[in-house]
Structures are given as structure tokens and as C-alpha cells.
Amino acid sequence: MQTHLNCFLPYQNADQIKETLDSLRSSELIKSIYLLTENREVDPIEGCTLLPVDSLHSTHTMKQIAEFADTAYTLIYTKTAALRMGMFALERMIRLAQDSGAGMVYADHYQIVDGEKRNAPVIAYQKGSLRDDFNFGPVLIYRSDVLQRAVSRMDSVYQFAGLYDLRLKVSEEAELVHINEYLYTEIENDTRKSGEKIFDYVDPKNRQVQIEMEEACTDHLKQTGAYLKPEFRPVAFDRQPFEYEASVIIPVRNRIRTVADAIRSVLSQKTNFKFNLIVVDNYSTDGTTEAIDRFADDERLVHLIPENKELGIGGCWNAGVHHPKCGKFAVQLDSDDVYSGEDTLQKIVDAFYEQNCAMVVGTYMLTDFDMRMIPPGVIDHKEWTPENGRNNALRINGLGAPRAFYTPLLREIKVPNTSYGEDYALGLYFSREYQIGRIYEVLYLCRRWDDNSDASLDIVKMNAHNTYKDRIRTWEVQARIALNKK
């Protein structure tokens, strides 16, 4: 194999990079190693070239990498922790890059976590894998000519979104290929549970990062024909008569510890309209059914046990929405959670009329089981804007809570019969044509505890969830491209 590659590595000090250099230098493919450093006072290392950069993820850094990418392939390592390549791993990655014609390849790998070696499989890249936190692993090998063409089209100057912008632009002309082989080992220092990591992007201190990521993603959507202009279909709220103005829908299975709290928070709502509560009891076996029945004296409660026994959370929503007593607006409450006050339902219904929207999303606060606030606290999704929210929704992994829908439209669309991502799929679908209303006051207390669906996921389950959400985005991107072609 005559092909060579250059390597670009983050550099802090000689001790930090020694093991990584030793591993890479064992391959005959390496032509040059460039050390990317934000510290101009660091000592040089023999056989390597120092490359001062302003930020490891900036546009300027990507342009510098492209300038020195004079081999067929270019390796970018995105972590400072030690890296150990497997035997002939680089040769394997280059071979598969050539065979597949990929613009970039990445691979499954191992991680050392607290001294223990673990599998770290990643997932296949799709057209809808637009989130900026897509996990490729830290070893990225680009075809240099594709990288250089992508960099030549990087017109915006980013401090944080340069690497993300590069990836999107490479994907516009070539595939990003996942190699289902464990080819290297990295040290993993972020040992937080999955449920603690998923809110990083809404942390206020990351706001400037998110602005840049949104700009890069929006540009990509324009280039690929999936961008939607801020033009929305008006919503007519008089399509059909309803006995109830609103229905809160609670799908539940085996939540004996929390379901009574959820029901009480609904029945205590104060409104100037008629509402009810539809609890869709999905064949609970732990006493939940009996706990629901204790509220049977309240005529507003509909205790629904669906005939179909193959329902996920989305299927339970369909059962509730298509019930004849469902109101004009269907409002979400999970069986773990509670509304923050007695005026939540009123605020949500008012928002439909005030903002003329087909879906409303509120703001929630993360709490422990006893409803005491826990970090990061309030999740308000202020990255949403009325003008570009429908496009930025393709980059982020969720829209917020509580969610509410105009029932006639939800009955037409129907909810995916899954127990993860069904709400996100609806948000994308609704936003394709209609405005989504937002409420930035805390309406909802979201309990985090061990029985939450995403509190602490293993890598296999987390990959399955991410693959499904990427698939949802892929379908939506395809639909929006088709819509624009009309």
C-alpha cells in the first residue's frame, strides 16, 4: 500500500501526547504529524510540526489542516487523551476508504473507563445524522481532496463549529462510512451517565456554540434542498366541535410510585374551559391500575385500557387521541411528572390561539424524585426561533416539554407506535407545515430517577435510540426536499 497520510493531533504537552505518537509512528503509512496547539509556549517534539491554532474546532484550524493535507488521506484526532491504534488499523481504515470511495471513515473502538476496557461501538451515518454531537469516535480519516474542496466552500468563520461545518460539507459530496470493526483504544474521561449528558446542548454557557452550530446546519440544509422558509399554513380551530376544549393524556405502565401525583396535578388545574384527563393504562401489573381507579369519582377522569396489547407510548397516545372524549387540544403529561402549577393547562391552550400554532411546547425543570431542582435545572430550549426553529429542529435531539397538539391534525398524522422519539417525530412533522408555539415559563417538573427511560442507558440502547432519531431526521429531510421540489 503506497498511500500515505498526515496526522493532526491536539497537543498540550509531551507527556500528554507520548503514547499517541508512539502508536501512530508504528505505522509506515504516516508521512507527517502536525501538533495543533493553542499554547504557543509549548516545547516542540522531534519529528513533528507545531501548528498554532486559535481553537481546535474553528474554521481557521480546518483551513490550516487543508493547507497541509498533501497526502491522499488526512487523520484528525479530536481528543487529548491517549490513543492506541490496533495492529494494521490505519492500513485497514485506508483500504476501506479506498474501496468505498468514502469522504471520511470512522470506526468502532474500545474505551478505557476507570481502568476498565469497554466496547464503544458507534452507528452508521445517515442523511439525517445532522446533530452536531454525532459520535464518530475521536479518529477521523478524510480523503484529502474531498476535505480540501469542503474547506474551500467554508465561507462562514466559526470559532466552535468549524469541524461540524467540515463534516456537513464533506457529506454533501461523499459518504461518511462507518467501519464495524474495533480498530483502536482511547481513554474516556467523561464518565457521566447518559441521562446527564443529553442536556449539554441547552446549557446557557454553550449558547454561542449553539448559535454557530445552527448557522452551519441551516447552510447545509439550504445546500441540500431541505431548508424551509419561514412560511406557515394558518390553523383554523373550528374544524369540528368538541365536548372538551382540552384533554391531558397520560400513557402509563407500572408507575405505582408516581401516577397518583401526575393525576392530582391535572385534576387540580384551574381553567376557564372544560377539560378532562385520559389515562391510557397499558396493562399495568404493579398496582397502577388500582391507583388510577381511586380517582374514579371524578367524572373528568377517563381510565382507558386499550384493546390492543402491542402498544408503545406512541400507540397509547393514539388510543387516547382517538377516544371520543378527547378534547380539541391533546396535552402531554408523563406518568413520572407533574405540572408546576394550577395554571399550566390554561397557559397552553391560550398559546394555541395567541400564536396560531398546531403544536405548543413549554419549558420544564429537572428535579429529583422528591421534586427538588437538580442540574442543569430549567430546560427552556431558547435555541428555538419562530423564523428558523423548524430547520434547527433537525440538528437537536428534542424540542422540550410539555407538548400539546391540535387534535384534528394529530388524528390525521398519528403518533409512531414507539416508546422513544415519538414526540420528536411529531415535532418535525408538525413543523414542516405549521408554526410551533413556545412558552418559556416553567410549566412542568420532570423527575429524573432510576426508572426514567433514558436515565442511564448502556451503549447498545443509546446507539439504538440515536439510530432511530437519525432515521426520523432522514425521513423528514427527504420529505422536505420533496416538498421544496413541488
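**Exercise 1. At what angle do helix H4 (residues 144-152) and helix H5 (residues 162-171) pack, and how far apart are their axes?** Then work out the geometry of the pair and look at who makes the contact.

Solution. Keep in mind that this is a predicted model.

- Step 1: H4 and H5 pack at an angle of about 115°, and their axes are 9 Å apart.
- Step 2: Angles of 65 to 115 degrees count as roughly perpendicular, and H4 and H5 are therefore roughly perpendicular to each other.
- Step 3: As for handedness, the crossing of H4 and H5 is right-handed.
- Step 4: On the H4 side, the contact is made by Val146, Leu147, Ala150 and Val151, and on the H5 side by Leu166, Lys169 and Val170.
- Step 5: Sort those residues by class and you get six nonpolar, no polar and one charged.

**Exercise 2. Which residues of helix H1 (residues 14-25) are buried?** Say how they are arranged and what covers them.

- Step 1: Buried means under 20% relative accessible area. In H1, Gln16, Ile17, Thr20, Leu21, Ser23 and Leu24 are buried.
- Step 2: Looking down the axis of H1, you find its buried residues within an arc of 160°, so they line one face of the helix.
- Step 3: The cover over the buried residues of H1 includes strands E1 (5-10), E2 (30-37), E4 (73-77) and E5 (83-85), along with helix H3 (89-100).

**Exercise 3. How many of the nine residues of helix H10 (residues 313-321) are buried?** Name them too.

Solution. This one is quick.

- Step 1: The count is seven of the nine, so H10 is largely enclosed by the rest of the structure.
- Step 2: The buried residues of H10 are Gly314, Gly315, Cys316, Trp317, Asn318, Gly320 and Val321.

**Exercise 4. Where are asparagine 254 and asparagine 356 found?** Check the backbone and the accessibility of each, then look at two peptide bonds.

Solution. First, a bit of background: most residues other than glycine have a negative phi, and most peptide bonds are trans.

- Step 1: Asparagine 254 sits in the loop between strand E10 (246-252) and helix H8 (259-267). Its phi is near 55°, a positive value, and at 23% relative accessibility asparagine 254 counts as partly exposed.
- Step 2: Asparagine 356 lies in the loop between helix H11 (344-355) and strand E15 (359-367). Phi of asparagine 356 is near 40°, also positive, and with a relative accessible area of 30% this residue is partly exposed.
- Step 3: The peptide bond from proline 375 to proline 376 is cis, with omega near 0°, and proline 376 belongs to strand E16 (residues 373-379).
- Step 4: The bond from alanine 401 to proline 402 is cis, with omega near -5°; proline 402 is in the loop between helix H12 (389-392) and strand E17 (403-406).

Note on methods:
Residues numbered from 1 in each chain as written. Predicted model: local features only at pLDDT ≥ 70, side-chain atom pairs only at ≥ 80, totals over all residues. Heavy atoms only, no water. Axes fitted to C-alpha atoms, helices over the stretch in contact; angles between N-to-C directions. Helix = DSSP H or I, 4+ residues; strand = E, 2+ residues; numbered from the N terminus. Parallel < 35°, antiparallel > 145°, perpendicular 65-115°, else oblique. Left-handed = near helix turned anticlockwise from the far one by under 90°. Contact = heavy atoms within 4.5 Å. Nonpolar A, V, L, I, M, F, W, Y, C, P; charged D, E, K, R; others polar. Buried < 20%, exposed > 50% of the residue type's maximum accessible area, 1.4 Å probe, protein only. Arc of directions from axis to C-beta.
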